[in-house]
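Hi everyone, thanks for coming. Let me put the model up on the screen, and then I'll walk you through it.

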Amino acid sequence: MTDVAAAAGVSLVTVSRAINSPDQVAPATLAAVRAAVGQLGYLPNLTAGSLASSRSRIVGCLVPTISHTVIAETVEALTRTLGDGGYQVMLAQTQHRPDDEARLVETFLARRVDAIVLTGVNHAVGLRSRLQSSGIPVLETWDMSSQPIDLLVGFSNHDAGFAAGRHLFDRGCRMPAYIGSDEARSHHQLQGLRAVAAQHGVPDVPAELILPPANIEDAGPRLAALLARRPEVDAVFCSNDTLAAGALFECRRRGWEVPGRIAVMGFGDLPIARAGFPRLSTVQVRGGRIGERAGQLLLARLAGQQQADPVVDIGFEVVQREST
Amino acid sequence: MKAPELPDGLSGPVRMADVARVAGVARVTVSRVLSNPQSVAPATRAAVQDAIAKLGYVPNLNAGTLASSRSRIVGCIVPTLSNAWFAETIDGLSEVLAAAGYQLLLGQSGYGPVAEERLVDTFLGRRVDALVLTGSERSDAVRTRLAAAGIPVVETWDLGLEPLDMAVGFSNYAVGESAAEHLLARGCRHLGYIGADEQRASKRLAGFTATLARHDMSAVPVLAGPPPTSFESGARALLELAERQPRLDGIFCSSDTLAASVLFECRRQGWQVPQKVAVVGFSDQPLAAATVPSLTSVQVRSHELGAEAGRMLMRRLGSASTGKPMGGEHRIADMGFRMVARESA
């Protein structure tokens, strides 16, 4: 590192800073240090640094599966935001299994990650106290809770389900149904949908819950089963736009008019919602925004700043297009 | 924060020896449960895990790193996670690594060689045991760096002439040839191409046009902008293509996203698919089978590419517990591709 400092004409501490927190170094200086690093082929040992400072500069991130488009958007933005601040993301997949999540948290703690990002607010028994006694920042995403473990960036899935249901009733629907994954965040949406249905005197919302991961090809058969069982259903709210697109294709295949015979509502506002035919009404949630805010909150906390409010509700918005 | 309550006779910090004593096993067994749980009998594993939970023990895997000069971390750099292909590849890679006791460090290059160079340096600085990269085109700086580092490297999603070390992928050029042959066999004679402005897509275009040239034909190419491609850019590109090639009767799209947006736009324009224009996509995403009409696409197994990359690395690195490389090493895995003919072409 001394050689790099000499070649770049800067102090040792500047080289260290350029490597560890590039955002704190003036662009010209940063360029000079990077040029010297490239020229000399210098490789800082970040592992050794992590033992000395007891900082690994790694954030552990747990997601159900990275194949899920909205989750990928969150991880994309999180990785980018933390990367700009000199942190790397270590990724692991829980496959929607709370026990796997708990086990992977142990691995991350053993890796001395500086912070942990979790998906959702429902975890295995004991994980909360385990994380709270770990002393590192923990950030939950993609749902809302009155008792977060520590930090939280998300929105209320219950309220989103309620808003989707209200939109469907406002559009004249009388008997909504639900297609989603058999996991906590879908359950919260369904509870919200049931709450608004009850207000409209509909005591029961038929639902199809798919063992995760729910894929586009699952939607058609589930919609057909739903309508065979309950022909009075005139609207369906799907837990994500991919399932809603699958439902739209099924309607097309069977010649059911949308929204004439059945209204279809998605969730997420993925690009396919705007592109499909008919264009999909949906609940817009900005997955990228969740990752970006999560990254900013963690960088602030890791820099020693305390947040006035540890909970960020990024909200959601009902977007009406052609399918409702 | 409240420290966990410790059983009698113990005071923190809790060490591995304490866990071994409480579980009634040897230290090496505790170590094995931590690094490679599958290698320990379930009952013993449960006893050790109970002791770990009771004592609140957190092993320091990084300290082990310095002793063994193994971090058991694999770095993976993809252009962007916004593209479902790469997310699926990471999914497959992550499954194999997790089962072998390795963790995955993730980086996004945004399709830029400079960003990739910087991430490679960062990951090498973190002493990753291996790297997984996307594509086969590398800057000289990265090649030199990786050769000097001496760790296993797998390049994915393409097969170049000279892989840095190992490669798992398919020939993007041959994918383009195959798409052209399929459209020609259907009788299409006025062809177009819609693709992202990116290296691997360009190779597919090169294979496509070379095959047409052998039949004394050419294709009108329309670039849909820098990747990742979007539904909006596909619809725009179709209209431009139809203007430049008025007798257009067949299109090869460099991604299923573009192909699906072409299907949607054709429907909006009232153009029958495949009667007026046939459409072939690439990668065979789940979307392809679901659309109406269903999409003909060239299938590459994104998830399996990642899993195979993981298996190649694990063969080279050996299982985490023994550290001994296993046999059967091979450097290049051509995963091939398959034309899946559906309704659109």
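**Where the two chains meet**

Let's begin with one residue pair: A:Met90 has B:Leu105, in strand S2 of chain B, as its bridge partner. Before I go further, this is a predicted model, in which local features need pLDDT of at least 70 and side-chain atom pairs count only at pLDDT 80 or more, while totals for chains, interfaces and linings use all residues. Residues are numbered from 1 along each chain as its sequence is written, and chains are lettered from A and ligands numbered from 1 in the order in which they are written.

That pair belongs to S2 (88–93) of chain A and S2 (103–108) of chain B, which run antiparallel to each other and share three bridges. For the terms, two strands pair if DSSP finds at least two bridges between them; helices (H or I, at least four residues) and strands (E, at least two) are DSSP runs, numbered from the N terminus.

Now zoom out to the sheet. Twelve strands make an open sheet with mixed pairing, in the order S11(A)-S5(A)-S4(A)-S3(A)-S1(A)-S2(A)-S2(B)-S1(B)-S3(B)-S4(B)-S5(B)-S11(B). At its edges are S11 (311–313) of chain A and S11 (332–334) of chain B; each has a single partner strand, so one side of each is left without a neighbour in the sheet. From one strand to the next the twist averages 20 degrees, with axes being lines fitted to C-alpha atoms, for helices over the stretch in contact, and angles running from 0 to 180 degrees between N-to-C directions.

Is S2(B) enclosed or open? Six of its six residues are buried, so S2(B) is largely enclosed by the rest of the structure. Here, buried means that 20 or more other C-beta atoms lie within 10 Å of a residue's own, exposed means 12 or fewer, and partly exposed is in between, with C-beta atoms placed from the backbone. In a regular strand the side chains alternate between the two faces of the sheet. For S2(B), one side carries B:Gln103, B:Leu105 and B:Gly107, the other B:Leu104, B:Leu106 and B:Gln108, and all are buried. S2(B) also pairs in the parallel sense with S1 (73–78) of chain B, over six bridges, and there B:Leu106 stands opposite B:Cys76.

Leaving aside residues up to four places away in sequence, B:Ile194 touches, among others, B:Val222, B:Leu238 and B:Ile251.

Please turn to the open sheet of six strands in chain A, ordered S7-S6-S8-S9-S10-S12 with mixed pairing. S7 (207–210) and S12 of chain A are the edge strands, each with a single partner, so one side of each is left without a neighbour in the sheet. The twist here averages 15 degrees from one strand to the next. S9(A) and S10(A) run parallel, joined by four bridges, and A:Phe267 has A:Val283 in S10(A) as its bridge partner. Helix H11 (241–254) of chain A packs on this sheet, touching S6, S8, S9 and S10, and its direction makes about 160 degrees with that of S9(A).

What covers the buried residues of H8(A)? The cover includes S6, H9, S8, S9, S10 and S12 of chain A. Among the buried residues of H8(A) are A:Phe162, A:His167 and A:Leu168. Just after H8(A), A:Gly172 takes a positive phi of about 95 degrees.

**Chain B overall**

To finish, chain B has 13 helices and twelve strands, and its C-alpha trace spans about 85 × 40 × 35 Å along its principal axes. Of its 345 residues, 53% are buried.

Technical notes: Contact = placed C-beta atoms within 7 Å.
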